[in-house]
Amino acid sequence: MRDNWRGIWLVLSTSVRTSPRLALLSLTETMSKLLTAAAPLFIGIFAAGAIDRDSRRMLIAGLALVGSTALNNVLQTIGTNARVALMEQVGFSFDVKIAELTARIPTLEHLERADYLDRLQILRDRDGILGSTLNALINTANSLVYAVSILLVAVSADWRLLILVALGVPRLLATRWSMRWGTVAEEQSAAPSRLSAHLIDLTTSAGAGAETRVFGLQRELQRRVRAAATAWQAPGVRASVQNAGLAAATAILFFGSAIALLAWMTHDALAGSVSVQSLVVAFGVVGGLERVSGIVSFAVQDVARVTRYISRFLWLRDHAASVAGAHDGQLEPPDRLESGIRLEGVSFRYAGADKDSITDVTLDAPAGSVVALVGENGAGKSTLVKLLAGLYQPTRGRILIDGIDLAEYDLTAWRSRMSGAFQDYAAFEFIAREVVGIGELERLGDEARIRQALYDGAAEDVLPSLPDGLSTQLGTTWAGGVDLSGGQGQRLAISRGMMRSRPLLLILDEPTSALDAATEHNLFERYAAAAREAVGRGAVTLLVTHRFSTVAAADLVVVLDQGRVVEAGRHPDLLAKGGHYAALYNLQARGYR
Ligand SMILES: Nc1ncnc2c1ncn2[C@@H]1O[C@H](COP(=O)(O)OP(=O)(O)OP(=O)(O)O)[C@@H](O)[C@H]1O
């Protein structure tokens with residue numbers, strides 16, 4: 001409950017902060033609801049005046065009716081426009097906050113866990129969804145003002161009209177079912193909605209285009225998109241049908257009773273015990289009274305929906321804060337490494353997995369060394385890299401940087417002293433200069449540094465193939481943009497990893513998978529030079545690769561198998577040992593012969 005109020009307060013305070021003027025103008029709509037509710041009263045006075053032939057009363061009631069209708073329209077128009085504008089601004093401000101929070105979370109779990117993604121999906125699914133919560137709150141306030149006003153008008157005419165209000169109670173009680181149907185529908189839709197977005201991406205992206213055509217997958221994908229879209233929409237449709245049935249049943253109950261009550265009042269009016277004014281007001285408020293239970297029911301549902309959406313936003317905010325809290329290390333990394341990086345009994349299990357991906361790894365990467373990490377697919381190499389980058393925390397054990405637990409370092413500061421190129425590199429569609437330069441934001445405009453990084457990443461020959469050199473827009477979906485080949489894109493990504501001039505840890509996670517042999521050879525010579533240069537500041541270079549030919553020069557070769565270190569040593573020693581490494585090495589060497 002406290003969270004609900006926290007959520008409502010968040011939406012209202014954000015609205016007032018976003019635009020105090022629009023927030024104030026939105027209230028004019030609420031005032032217009034008072035006038036709407038008063039209309040039957042004016043009609044009743046007018047009718048009674050007509051019967052009594054009292055032209056003064058008729059004139060006053062007529063003017064009040066016309067004047068209030070005109071004022072109502074003006075207030076309604078001002079209020080609605082202000083509300084819509086405010087809703088857009090608030091929605092946009094929340095969308096920006098969601099993107100910021102998602103990006104700011106220093107770990108990756110929220111982007112890899114299905115249950116987290118489903119929660120995020122509901123927020124992402126509907127742009128401006130949190131803006132619509134403001135809309136719902138204003139509507140609720142307006143509706144409640146209208147409901148209270150119409151009740152007062154009804155009671156002023158005849159207390160029996162309260163019976164009609166009482167008939168709304170079953171509908172209110174049934175609101176709980178409606179809410180449950182709504183929540184269930186929303187949760188059931190989240191995963192199929194994500195699936196259909198993924199499938200639509202596949203059918204429309206150029207990247208997957210070749211495979212979908214060669215394998216003749218278009219029809220199959222379309223079939224799956226249709227199935228996912230149906231699975232996504234069906235729960236919502238089901239909930240709507242259930243709600244419509246409920247509304248119809250309660251409306252029949254209400255109007256049946258209303259006819260009987262009005263007949264009773266008409267009988268009394270003919271007998272003279274009820275005034276004409278009261279009878280006219282009673283006829284005038286019946287429609288409004290029918291809406292009261294609906295309005296209150298909607299208000300309850302709307303507030304529940306609002307708090308549900310907001311609770312997801314609050315979850316994201318709290319998750320970001322708790323992840324930041326769990327990484328509350330303050331230490332600045334040293335300027336140079338003295339002893340190096342040590343993994344001590346490190347194990348790691350992904351959330352939801354039934355076994356560890358890394359098991360009890362103990363490993364020393366001395367300052368100034370080049371360490372090669374080899375192993376078959378799924379051996380745990382990339383997981384180890386993510387642990388070193390602080391993207392995950394070990395489930396057991398510690399990672400020590402110069403003898404101090406990585407958890408004690410300020411994570412952002414540690415990452416600013418790392419650099420690297422990754423297997424799943426990001427294909428930024430920016431200007432070529434920026435694609436490389438963002439590897440060190442402070443030097444984004446430093447062309448000489450960018451050219452040096454291109455050289456270090458063996459990508460200097462990519463430039464001549466770009467029509468505007470470093471100023472070329474990448475990505476054919478942008479005006480004048482060009483696409484790069486896989487190898488060219490990878491080399492720009494490697495160059496990006498070369499922008500930082502003084503990293504303490506340089507990670508090269510299978511950076512050369514798309515490169516030809518000559519480029520790869522070239523690149524490794526430059527890595528070796530960079531590593532030699534890095535020795536002075538004790539930097540560790542970690543090279544993850546499947547190609548054994550490139551690891552021979554490493555100071556230490558670590559062989560991972562099913563998450564465990566099975567061998568570690570220098571290349572010649574491991575070869576001489578004739579174990580796991582030697583077997584893999586010889587297998588690959590035979591393949592090249
Ligand atoms: N996000 C994840 N959630 C659950 N399990 C994962 C996740 N990422 C990887 N794994 C599992 O962890 C194990 C190690 O994977 P990892 O990607 O570290 O291997 P790798 O040695 O880098 O493989 P490759 O050479 O194919 O890149 C695998 O069994 C994999 O299925």
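Reply: Start with the largest nonpolar core, which has 69 residues. Such a core is a set of buried Ala, Val, Leu, Ile, Met, Phe, Trp, Tyr and Cys residues joined through C-beta atoms within 7 Å. A residue is buried if 20 or more other C-beta atoms lie within 10 Å of its own, exposed if 12 or fewer, and partly exposed in between; C-beta atoms are placed from the backbone. Val371, Leu373, Leu505, Ile507, Leu542, Leu543 and Val557 touch the most other members of this core.

Two points about the source. The model is predicted: local features need pLDDT of at least 70, side-chain atom pairs count only at pLDDT 80 or more, and totals for chains, interfaces and linings use all residues. Numbering starts from 1 along each chain as its sequence is written.

Now take Leu542. Setting aside neighbours within four places in sequence, Leu542 is in contact with Ala365, Val371, Leu373, Leu505, Ile507 and Leu508. Contact means that two C-beta atoms, placed from the backbone, lie within 7 Å.

Leu542 belongs to a buried face of S8. Strands (E, at least two residues) and helices (H or I, at least four) are DSSP runs, numbered from the N terminus. Strand S8 covers residues 540-544, and five of the five are buried, so the rest of the structure largely encloses it. Val540, Leu542 and Val544 lie on one side. Thr541 and Leu543 lie on the other.

What flanks S8? Strand S3 (residues 370-375) runs parallel to S8, joined by four bridges. There, Val370 stands opposite Thr541. Strand S7 (residues 505-509) is also parallel to S8, with five bridges. Leu505 faces Val540 across that pairing. Two strands pair if DSSP finds at least two bridges between them.

At one end, four bridges join S6 to S7, and the two run parallel. Ala421 stands opposite Leu508 in S7.
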